[in-house]
Amino acid sequence: MSAARTVSLAVPASERVIADLYELAARTATDGSIHGGGQRVAWGPIWREARAWFTEKVKTDLGLPVHVDPAGNAWVTLQGESDDSVVFGSHLDCVPSGGWLDGCLGVVAGIEVLRRHAAGGKSPVTLHLIDWADEEGARFGRSLAGSSSSAGTLDPHKELAHLVDRAGVKLPDALRENGVELDHMLDAHAYLLARKPKAYLELHIEQGPVLESLQEPTGVVLGTMGVERHMIRFKGQAVHAGATPIPLRQDAFLSAAEFALACRDIGLKFSGDTPRTRVVATCGVVKVEPGFVTAVPGFTEISLDMRALDAGVLAQMKAAAEEASHIAADRNGCSVAWEYIWQIEPRPFDPKLLEFCGEAVQQIVGRAPQLPSGPLHDAAEMAGIMPTVMMFAQSSPGISHTKLEDTPIPHLDKSIRAFQLLVEKTVAHVAGI
Ligand SMILES: [Zn+2]
């Protein structure tokens with residue numbers, strides 16, 4: 001093991017983190033700039049380049065090795081006085097031409113947490129930094145592959161074995177190229193539990209416009225919303241657009257259109273006034289058949305994605321949408337059928353860690369706004385097995401999964417400093433100090 005570089009605690013944490021993020025972008029983004037478009041798609045060569053940067057950085061600055069678990073997650077461990085551990089991290093992978101912060105911020109801020117702890121003497125508990133593998137699912141379509149293996153919730157044979165990318169590469173072959181065997185991925189669960197994890201913390205960008213609209217640099221994440229995702233199919237009769245009077249039609253598209261408007265109303269009706277009670281409902285895909293200008297649509301398929309932090313509210317929204325689909329079908333003389341696509345329960349975060357997160361943000365910013373996360377994160381998987389909380393940095397403009405994604409440096413600075421405080425509070429709590 002090589003000796004760690006001396007880290008000056010006088011240098012603000014955020015300064016080193018931001019410098020590291022620039023360094024990472026220089027190696028893994030098109031044209032090497034932060035807005036050039038990150039190309040760290042999981043299991044591919046540029047993702048491996050990001051991992052190589054991570055491994056070198058950890059070795060140079062901390063003198064520590066990186067261990068890769070059976071699901072391909074990369075671990076860095078700073079042994080404390082007790083084996084009980086606080087775990088934190090995020091993901092270095094990104095969507096094609098993605099942003100410089102989505103995922104990387106949490107991993108790189110985690111390196112700084114370790115640097116400061118290593119420089120400040122032995123920590124009372126052990127610290128683990130994780131770079132989760134394939135959070136995005138950008139190449140094969142299944143998100144959270146690494147963290148769901150660690151959580152023990154993934155069924156690799158059912159959910160991964162059949163997946164193929166656009167070039168025809170099978171996921172099991174891409175995994176093997178990276179030293180991961182499909183048959184052994186779930187061993188990552190025992191690997192995680194053996195590390196006696198007592199808390200999981202994640203810093204991430206918001207990826208939406210809420211903090212920006214509140215003019216807040218950073219916020220406390222209440223949990224990840226539950227999701228109900230379905231495909232709804234309206235069946236009518238395709239007929240000639242000129243020959244068929246409107247009252248005699250069975251227009252499947254009009255059923256879908258009325259249904260989409262009803263879903264917007266359901267989203268508005270079930271949304272409360274607070275971030276905790278805000279819900280969303282989205283119809284993002286519509287396929288109309290036969291699909292030419294002189295035919296009344298005889299068949300329409302429309303997707304529905306509904307999200308809420310409260311499981312009871314989400315169930316009521318789904319029931320209301322089902323009722324709306326039947327009304328929309330009846331009004332247009334059509335039939336309707338629902339096909340389940342995917343569902344996940346809401347994952348509210350741990351009350352004690354939410355308290356620490358609120359205190360940390362309050363200490364740095366003077367306020368502690370709260371919001372739920374609509375997007376899923378690795379933290380949602382960890383919330384199923386240990387106390388978990390996330391902190392968001394503002395996205396400005398409130399978008400991500402694009403190279404335009406950004407957070408102003410002063411906001412990044414506050415978020416990074418608040419996250420360091422959250423780790424301190426959690427370490428003290430787990431150590432019983
Ligand atoms: Zn992310």
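1. Basis of the note. Residues are numbered from 1 along each chain as its sequence is written. Because the model is predicted, local features need pLDDT of at least 70 and side-chain atom pairs count only at pLDDT 80 or more, while totals for chains, interfaces and linings use all residues.

2. Domains. The protein is divided into domain 1 (13-223 + 346-431) and domain 2 (226-344), with bounds that come from an automatic or database domain assignment. The C-alpha centres of domain 1 and domain 2 lie 35 Å apart. Nine residues from domain 1 and ten residues from domain 2 take part in the contact between them, where two residues are in contact if their C-beta atoms, placed from the backbone, lie within 7 Å.

3. Strand β4 (residues 125-131) has seven of its seven residues buried, so it is largely enclosed by the rest of the structure; a residue is buried if 20 or more other C-beta atoms lie within 10 Å of its own, exposed if 12 or fewer, and partly exposed in between, with C-beta atoms placed from the backbone. Strands pair if DSSP finds at least two bridges between them. Strand β2 (residues 74-78) runs antiparallel to β4 and is joined to it by five bridges, with V76 opposite L129. Strand β3 (residues 82-90) runs parallel to β4 and is joined to it by seven bridges, with T126 as the bridge partner of S85.

4. The nonpolar core. The largest nonpolar core has 122 residues, and those with the most contacts inside it are V86, V221, M317, C357, M391 and L422; such a core is a set of buried Ala, Val, Leu, Ile, Met, Phe, Trp, Tyr and Cys residues joined through C-beta atoms within 7 Å. Helix α9 (residues 252-270) gives the most to this core, with ten residues. Both domain 1 and domain 2 give residues to this core, so it lies between them. Not counting residues up to four places away in sequence, the residues that M391 touches include V221, C357 and L422.

5. M225. This residue lies in the loop between β6 and β7 (226-235), and with 25 C-beta neighbours inside 10 Å M225 counts as buried. Leaving out residues up to four places away in sequence, M225 touches R307, A308, L309, P346, P372, S373 and G374.

6. Backbone details to check. A cis peptide bond joins E289 and P290, with omega about 5 degrees, and another cis peptide bond joins S396 and P397, with omega about -5 degrees. Q215 is not a glycine, yet has a positive phi of about 55 degrees; with 8 C-beta neighbours inside 10 Å, Q215 counts as exposed. H401, also not a glycine, has a positive phi of about 60 degrees, and with 17 other C-beta atoms within 10 Å H401 is partly exposed.

Conventions. Helix = DSSP H or I, 4+ residues; strand = E, 2+ residues; numbered from the N terminus.
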